[in-house]
Amino acid sequence: MPLPPDVHLIPSTCSGPQQPVNSYLLRTGARAVLIDPAADCTPDKLPAPPAAILITHLQQENVAGCSHFPGVAVYVPAGAEYLCAGEAAYRKLVTPWEPPWDWEARGNFQGHLAGARNERPPQQPLPVAGVLRDGDEIFGLQVLATPGHGKHALTFLARIEEKQIAFCGDLMCGDGRLWNWFDCDWDYGLQSGQRALLDSARRLRSLQPDVICATHGAVVVQACDSLSRLCERLQRVLEPFVAGAEPLPVNFAGEGSAGEESAARGWRELSPRLHQWKAGNCAALLSASGNALLIDDGLCYWEPLRERAAHHRMVMEQLKRALAITRIETVIITHYHGDHTENIPDLVALEGTQVLALDIVAEPVEHPERFNLAAPLPWYGMVCPHPMIQVQPWFSTCFSSLLSSELQTHGARHIPGSNADALHYSRGAKRSDAPALPARI
Ligand SMILES: [Zn+2]
């Protein structure tokens, strides 16, 4: 779509995650402002030198080009200043989830989501000339708060040749779509970011923009139609979660759910050979020989660490006694989250239990510090100077029949076809040898 002559899209040829970024140069009167400069947005690519740089939302990829314009004033969204201090300062914000283990907070502090960074600050500090707030006007542009993709995201509105142009950051990408979902997950599943995004999209639509210039994707000319589509889609996704309702973890089955009371206290008998811990993430499959296999071992007993280990020992002893289990031979980890793995080091110490997992699960479980993932073991208070869990690099054939159907984990990973094939990838296999696992959202 031809943009008005005063608006220039500066395409980027950067590749990799979050790329390429659209940068825009807008002439307002005698001056020009640059919006969201990409890493390869250099002065020679611009039709005019910018008097200022405006940032819609603070992420590495759309502020990287600021360094090519030393001395040019950079304006960022108010509230996002802490992201301008550089990567090293930002990393200090990440702290473990601490007692009293408030479920609502879930360790979602400023700057990270349950231990994972869902914000991407620039590596080097970004000198800031000023901050922008909802209702401000700068270089003839109207500033609109549109949180969602980032807590402090802004949209800049410009009226040019009777058209209203919205520089909306990553509020929308193309026709009613999103650039990504993770950046609006502020609170690890409680949907406040997605709801903010929906409100922002509605707010922008009510102002009836003609053209949308987003940080990613194509310029959108039927702006209101596309925003309506985005709103409809978000609404459809959010509908099952009634606003204001108590968010309940789906894996904690409530009263009256399937299964009989087990002979083991605190467990539910799903079948004589399959028992499920009611209060957390552990299921026990019993063999005729008296051995047991656990699927995950996270009892979700949120007391201080030492008490949790003692509680786990008691629960396992009672389980063994009540169900005549000789040994808990094996535990399978479904995914890396700490609330599914927390008690495994204790289980291994107690029973010499073998630990099995897919290679893509084994690596973050053994070395959580190498990954930027939400809710790993350290986030649950377990400091890991050395691997606390070691996964066995062997494959037991019993699992091919046990898990013959498709496996879908809590982490929205979907493994099509025979799961046994997926499990055959040993922990030692190179990542490049493993099949690509499409994320299902
Ligand atoms: Zn973004």
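## Basis and overall make-up

Residues are numbered from 1 along each chain as its sequence is written. The model is predicted: local features need pLDDT of at least 70, side-chain atom pairs count only at pLDDT 80 or more, and totals for chains, interfaces and linings use all residues.

The chain has ten helices and 20 strands. Helices (H or I, at least four residues) and strands (E, at least two) are DSSP runs, numbered from the N terminus. Of the 441 residues, 39% count as buried. A residue is buried if 20 or more other C-beta atoms lie within 10 Å of its own, exposed if 12 or fewer, and partly exposed in between; C-beta atoms are placed from the backbone. Among contacts in the chain with a separation of 6 or more, 58% come from residues 24 or more positions apart. Two residues are in contact if their C-beta atoms, placed from the backbone, lie within 7 Å.

## The five-stranded sheet

An open sheet of five strands runs in the order S7-S8-S9-S10-S11, with mixed pairing. Its edge strands are S7 (137–138) and S11 (211–214), and each pairs on one side only. Two strands pair if DSSP finds at least two bridges between them.

S8 (residues 141–145) and S9 (residues 154–160) pair in the antiparallel sense, over four bridges. Val143 has Phe156 in S9 as its bridge partner. Ala145 stands opposite Leu154 in S9. S9 also pairs with S10 (residues 163–169), again in the antiparallel sense, over five bridges. Here Ile160 stands opposite Lys163 in S10.

## Loops with positive phi

The hairpin of S9 and S10 has two residues between the strands. Within this hairpin, Glu161 takes a positive phi near 50°. Glu162, in the loop between S9 and S10, has a positive phi of about 65° although it is not a glycine. Glu162 is exposed, with 7 other C-beta atoms within 10 Å.

Phe139 lies in the loop between S7 and S8. Its phi is near 50°, a positive value in a residue other than glycine. Phe139 is partly exposed, with 18 other C-beta atoms within 10 Å.

## A cis peptide bond

The peptide bond from Gln19 to Pro20 is cis, with omega near -5°. Pro20 lies in the loop between S1 (7–10) and S2 (23–28).

## Helices H3 and H4

The axes of H3 (residues 192–206) and H4 (residues 223–238) come within 9 Å and cross at roughly 155°. H3 is therefore roughly antiparallel to H4. Axes are lines fitted to C-alpha atoms, for helices over the stretch in contact, and angles run from 0 to 180 degrees between N-to-C directions. Angles under 35 degrees count as roughly parallel, over 145 as roughly antiparallel, 65 to 115 as roughly perpendicular and the rest as oblique.

H3 passes H4 in a left-handed crossing. A crossing is left-handed if the near helix is turned anticlockwise from the far one by less than a right angle, and right-handed if clockwise. H3 contributes Gln194, Arg195, Leu197, Leu198, Ala201, Arg202, Leu204 and Arg205 to the contact. From H4 come Cys224, Leu227, Ser228, Leu230, Cys231, Leu234, Gln235 and Leu238. By class, this contact of H3 with H4 has ten nonpolar, three polar and three charged residues. Ala, Val, Leu, Ile, Met, Phe, Trp, Tyr, Cys and Pro count as nonpolar, Asp, Glu, Lys and Arg as charged, and the others, Gly among them, as polar.

## Helices H5 and H7

H5 (residues 305–323) and H7 (residues 344–351) pack at an angle of about 55°, with their axes 10 Å apart. That makes H5 oblique to H7. Their crossing is right-handed.

Ala309, His312, Arg313 and Met316 in H5 meet Asp346, Leu347 and Leu350 in H7. These residues divide into four nonpolar, one polar and two charged.

## Helix H8

H8 (residues 359–366) is mostly covered, with seven of its eight residues buried. The buried residues are Asp359, Ile360, Val361, Ala362, Pro364, Val365 and Glu366. They pack against H6 (338–341).
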